[in-house]
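Please look over the structure below. A short briefing follows, grouped by topic.

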Amino acid sequence: MARKRSGFQRRELTLSIVSMLPATLVFAVVVLIPLVLNLFFAFTDYNGLNPQFSYIGFDNFTKLLFADHLFVESIGRTLIYSFFSMSLGIIMQFT
């Protein structure tokens, strides 16, 4: 059986929820909504200009990974840069 809360506990709970509400709303608007929209549009052929779009599944990702040589080259350069910058940072910490 659930315990009944005292008036103080109810007020404290209400105040806690009301205090967290602005931060939760800002987080939803700034992070969650764009994240969900990006995931949705990643699987469509939407280009931002034409309001018509259709579901194309993983075609965007297969084009990116297998047909776009610049993307693969940029990933390689990013990995090389990350390796050397991290290595230099680690070496400088120990000297």
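A polar contact is a pair of N or O atoms within 3.5 Å; within protein, one must be able to donate a hydrogen and the other to accept it, and residues adjacent in sequence count only if both atoms are side-chain atoms. This is a predicted model, in which local features need pLDDT of at least 70, side-chain atom pairs count only at pLDDT 80 or more, and totals for chains, interfaces and linings use all residues. Residues are numbered from 1 along each chain as its sequence is written, and side-chain values use heavy atoms, with hydrogens and water left out.

**Thr44 and its surroundings**

- The side chain of Thr44 has a polar atom 3.5 Å from the backbone nitrogen of Tyr46.
- Thr44 sits in the loop between α1 and α2. Helices are DSSP runs (H or I, at least four residues), numbered from the N terminus.
- Is Thr44 buried or exposed? Thr44 counts as buried, because its relative accessibility is 4%. The cut-offs are under 20% relative accessible area for buried, over 50% for exposed, and partly exposed in between (1.4 Å probe, protein chains only).
- Thr44 is in contact (heavy atoms within 4.5 Å) with Phe53, Ser54, Tyr55, Ile56 and Asn60, leaving aside neighbours within four places in sequence.

**Aromatic rings**

- The structure holds 9 aromatic pairs. Rings of Phe, Tyr and Trp (its six-membered ring) pair if their centres lie within 6.5 Å; planes under 30 degrees apart count as stacked, over 60 as edge-to-face and the rest as tilted.
- Phe40 and Phe53 form an edge-to-face pair, because their ring planes stand at 85°, with the centres 5.7 Å apart.
- That pair links distant parts of the chain: Phe40 is in helix α1, and Phe53 is in the loop between α1 and α2 (59-67), 13 residues apart.
- Phe40 is partly exposed at 41% relative accessible area. Phe53 is also partly exposed, with a relative accessibility of 36%.
- How far apart are the ring centres of Phe41 and Phe53? The distance is 5.8 Å, and the planes are at 80°, so this pair is edge-to-face.
- Phe41 lies in helix α1 and Phe53 in the loop between α1 and α2, so their pair ties together parts 12 residues apart in sequence.
- Phe41 is partly exposed, with a relative accessible area of 27%.
- One aromatic cluster is formed by Phe40, Phe41, Tyr46 and Phe53.

**Helix α1 and its surface**

- A nonpolar surface patch is formed by Val26, Phe27, Val29, Val30, Val31, Leu32, Ile33, Leu35, Leu37 and Leu39, with about 900 Å² of accessible area together. Patches are made of residues with over 30% relative accessible area and no salt bridge: like charges are joined within 9 Å, nonpolar side chains (Val, Leu, Ile, Met, Phe, Trp, Tyr) within 5 Å.
- Ile33 belongs to helix α1 (residues 7-42). Its relative accessible area is 47%, so Ile33 is partly exposed.
- Leu15 is in helix α1 too. Leu15 counts as exposed, at 58% relative accessibility.
- Leu15 and Phe41 are 26 residues apart along the chain, and their C-alpha atoms are separated by 38 Å.

- The structure holds 1 salt bridge (a side-chain nitrogen of Lys or Arg within 4 Å of a carboxyl oxygen of Asp or Glu).
- Arg77 pairs with Glu73 in this salt bridge, and the closest N and O atoms are 2.9 Å apart.
- Both residues lie in helix α3 (residues 69-93), 4 residues apart, about one turn of the helix.
- Arg77 is exposed at 56% relative accessibility, whereas Glu73 is partly exposed at 37% relative accessible area.

Technical notes:
Areas by Shrake-Rupley, 256 points an atom, 1.4 Å probe, with all protein chains shown as cover. Helix = DSSP H or I, 4+ residues; strand = E, 2+ residues; numbered from the N terminus.
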